[in-house]
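User: Can you walk me through how this one is put together? I'd like the packing and the layout.

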Amino acid sequence: MGVSYIEYVRERLNNTFDVKYRELKWHDNNIYIVYIESLCDSKFISEYIIAPIMTRGEEYHNVDDIKERVIVSNSIEEAKGKEEIITSILTANAVIIFDDINRCLCCEVKGFPKRSIDIPITETVIKGPREGFSENIQDNISAIRRRIKSANLKIESVILGKESKTTVAIFYMEDKAPEKLIKTVRDKINDISRNFKDEFIFDISSIEEGLRNKGTPFDTIGYTEKPDVAASKISEGRVLVMADGGSFAITAPYFFIENFQTTDDYTLNKFMANMARFLRWFSFGISTLLPGIYIALVTYHFKLVPSTFLLRMAVFRAGVPVPTVVELLYMIIFFQIIREAGVRLPQPIGPTLSIVGALILGDAAVNSGLASQVTVVVVAITSIASYLVPKVYVAIFTWNILIIIFSASLGLPGFYISFVLFVSHLASLTSCGYPYLYPLGTLKSFKYKDVIFRGDLDKISSNIFSEED
Amino acid sequence: MKKLICIFMIIATTLNVGCFNYRDMNKLLFSLAAILDVDTSGDIILYGEFFKTHRYGEEKMGREDRVIIKGRGETLLDAFYDINTLTGSPVAYDVNRVLIYTERAARAGMDVLVDSSLRNQRPTLREFMFIYCGNPEDLVNIQIRDENFIGLFLDNSMIYQGKLLNIARLRLDEYSNNRLMGSRVNIMPIIKTSEESKRDRLEFSGAAIISDDKMIGKIEKDEVEAYKILMNDIKLGDITTINPMNEGKVISLDILKGSTKKSLKYNGDRIKCDFKINVKSSLEEAQKSITLTDDNIRKQVKESAEKTVKDRCENLLRKCKEESIDILNIQRELEVEYHGLNIENIMDKVDFNLDINIDIEGSQVINDSK
């Protein structure tokens with residue numbers, strides 16, 4: 001019943017000040033146009049829905065003619081129930097409810113303010129596209145579509161969250177992405193849709209958490225906020241998932257080696273890019289292992305340190321009241337606090353705090369006898385080196401502490417044990433069914449010439465998966 | 001299963017850590033030099049030169065102190081623990097750089113002093129070994145101006161100056177090998193306080209011949225040169241010979257590089273030992289003047305230099321034959337080459353033959369280099 005439709009809508013959307021009702025006369029019936037002012041383009045509604053109905057509506061006698069010949073809108077669908085009307089209104093559509101004849105048309109009239117396309121903060125580049133994703137999924141889809149003009153690019157849509165009704169899009173290349181990978185991602189998202197207790201899903205994190213490996217500080221699901229990177233990942237056969245309202249897309253599977261890849265690797269001179277990537281691997285090694293080696297050498301195996309340096313270190317440590325391991329641990333935690341504070345504080349204050357923290361407080365710690373210069377240098381090198389691979393800094397921090405504890409307990413044998421545990425942990429991880437250390441564990445089908453050094457672009461720009469993977 | 005393996009690895013490694021344990025370096029006395037002597041009653045006297053750090057009151061940085069402690073005991077370990085009773089911090093011998101034996105201790109027999117150094121896994125086997133001729137009290141009280149610690153001074157000297165032809169060099173690991181193989185002879189550098197300046201300088205003064213862990217003789221500096229040439233250890237040094245153009249004047253040839261090839265032949269009665277010595281040198285100094293572009297002059301210089309080297313080597317070999325000391329460890333090479341061949345009084349049966357070739361580089365005309 002038409003009246004009952006409008007009554008239902010009024011009842012469900014009561015106390016909602018931005019819901020607008022516009023009543024029109026059509027022959028002897030009442031027409032109600034209902035929309036949310038904050039989500040819809042009012043001018044479009046006036047010019048292309050209300051005006052045509054008022055001027056030409058009387059010429060036609062049934063709703064189908066109104067739909068087909070009067071209303072000027074790119075998308076018109078007929079609602080099939082009361083709940084669908086509510087959903088349609090809430091998803092930025094204008095609904096036209098025909099009184100007495102139990103029919104309702106939904107027109108797409110989206111028109112809300114949105115952030116302009118910006119330079120991504122987390123993935124800065126020297127040379128290459130600077131466009132970043134925004135919070136609007138349509139814009140983001142458009143950004144990817146503009147890069148992959150292929151009919152093989154498939155974009156599936158799922159609605160998640162009973163109340164938030166967030167649109168989630170799954171991207172993949174039909175001819176490149178393995179079917180089992182698409183199925184894994186699709187099934188996981190459907191599981192989340194069925195089982196997720198929260199009625200609100202605002203961003204991609206819930207899906208990311210569902211897909212990623214539990215119990216590890218390493219990210220086994222990748223993320224990006226750059227459409228060019230997203231398009232590149234899709235073109236390699238990966239699946240990309242994006243949610244409305246979030247400016248990040250997640251990619252699956254995500255491999256360990258991807259932590260060391262940046263857009264610049266593929267846009268800059270190959271030699272420069274390779275040098276930078278080698279530095280990243282080297283820095284990762286330093287930042288993960290240096291504190292452990294340091295503590296093992298300076299507390300157990302003095303004779304492995306050049307004597308001149310050893311004696312100098314002893315002079316620097318003179319007067320430090322705590323054991324070296326405690327000193328190292330609190331200096332690492334201290335640097336992490338500074339780093340966290342620098343990230344959380346507003347942009348103009350953050351870098352200042354980092355400088356003040358690192359220079360002044362570091363110097364003060366040495367002068368006050370809380371730490372030795374060498375420990376400060378070791379911690380500083382560790383921290384700075386970890387910034388070269390920002391995607392794994394949490395994992396580096398976690399493993400740093402573990403390796404230090406092993407090394408301080410057992411010396412170099414402890415260091416070796418912790419290193420073996422570290423590598424075993426990495427080797428045990430999977431990402432959507434693929435080994436996290438890929439392609440290192442799949443030597444038979446080794447065709448990914450983009451690990452430590454990148455090969456020529458024409459040789460690496462292809463599907464990374466082979467049938468037997 | 002994974003957990004079991006992890007637990008097993010941790011337990012196994014914990015048990016295998018052995019003598020290593022956690023130590024903070026600022027709470028240790030680092031030994032840099034150990035001076036070993038014996039007294040008339042046979043007790044071992046150990047002088048330790050230690051590195052200790054301090055940081056007092058308002059100081060922004062720590063500073064280093066040199067600590068000398070003397071210990072005495074029936075064995076070296078006794079003496080070591082005697083030292084420990086006199087220190088506030090534990091002693092760490094991990095980075096000890098040099099072992100210095102007094103002449104008295106070396107002549108009495110070094111076996112009682114060396115065994116502990118070889119058995120203990122803490123000190124490195126790369127310590128340099130020396131014989132000190134003189135009173136050890138003078139040595140520990142010496143104040144070298146350019147280095148506070150005798151241990152570091154001697155260590156650096158060996159690393160950087162040990163390549164010189166007239167300075168012998170011996171590490172503990174080399175000593176431990178040589179004392180068990182062949183003729184069991186080691187050549188150990190001798191140090192003594194400088195004649196000119198007793199209080200602030202140490203000098204190298206030839207080398208001691210150690211046979212079966214006992215010092216049995218000495219060789220002088222020029223004999224050390226000959227020894228190193230014969231042992232194919234030609235790295236840095238000079239050859240001084242007469243200046244053929246000016247009577248009574250000399251020239252110096254700087255050694256650029258050199259090699260010695262030794263071949264042994266045993267015919268059942270005599271051993272023929274041939275040395276082929278090749279040295280590349282450069283004229284560095286000529287008193288008065290010399291013209292090297294003259295082939296005749298160059299030939300005279302070459303022959304004169306070769307004769308100088310030959311004389312020096314032959315003198316050393318003659319001395320060794322006279323005293324029956326197998327200084328070149330020919331016995332060991334025979335054992336290797338002839339499968340365990342052992343010859344009594346080997347030096348009486350060896351005939352040495354030297355073939356020396358010295359090339360002189362640097363063709364520039366030096367008319368006057370005064």
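**Packing and layout**

Analyst: Helix α8 of chain A, residues 227-235, is mostly covered, with 7 of its 9 residues buried (buried: 20 or more other C-beta atoms within 10 Å of its own, C-beta atoms being placed from the backbone; helices are DSSP runs of H or I, at least four residues, and strands runs of E, at least two, numbered from the N terminus). Heads-up: this is a predicted model, where local features need pLDDT of at least 70 and side-chain atom pairs pLDDT 80 or more, while totals for chains, interfaces and linings use all residues. Residues count from 1 along each chain as its sequence is written, and chains are lettered from A, ligands numbered from 1, in the order written.

User: Which strands do the buried residues of α8(A) pack against?

Analyst: Those buried residues include Val229(A), Ala230(A) and Ile234(A). Contact here puts C-beta atoms, placed from the backbone, within 7 Å. Besides helix α5 (137-145), the partners in chain A are β7 (166-173), β8 (222-224), β9 (239-243) and β10 (249-252).

User: What separates the centres of domain 1 and domain 2 of chain A?

Analyst: The bounds, from an automatic or database domain assignment, are 2-108 for domain 1 and 137-254 for domain 2, with domain 3 at 269-431. Taken over C-alpha atoms, the separation between the centres of domains 1 and 2 is 33 Å.

Conventions. A residue is buried if 20 or more other C-beta atoms lie within 10 Å of its own, exposed if 12 or fewer, and partly exposed in between; C-beta atoms are placed from the backbone. Two residues are in contact if their C-beta atoms, placed from the backbone, lie within 7 Å.
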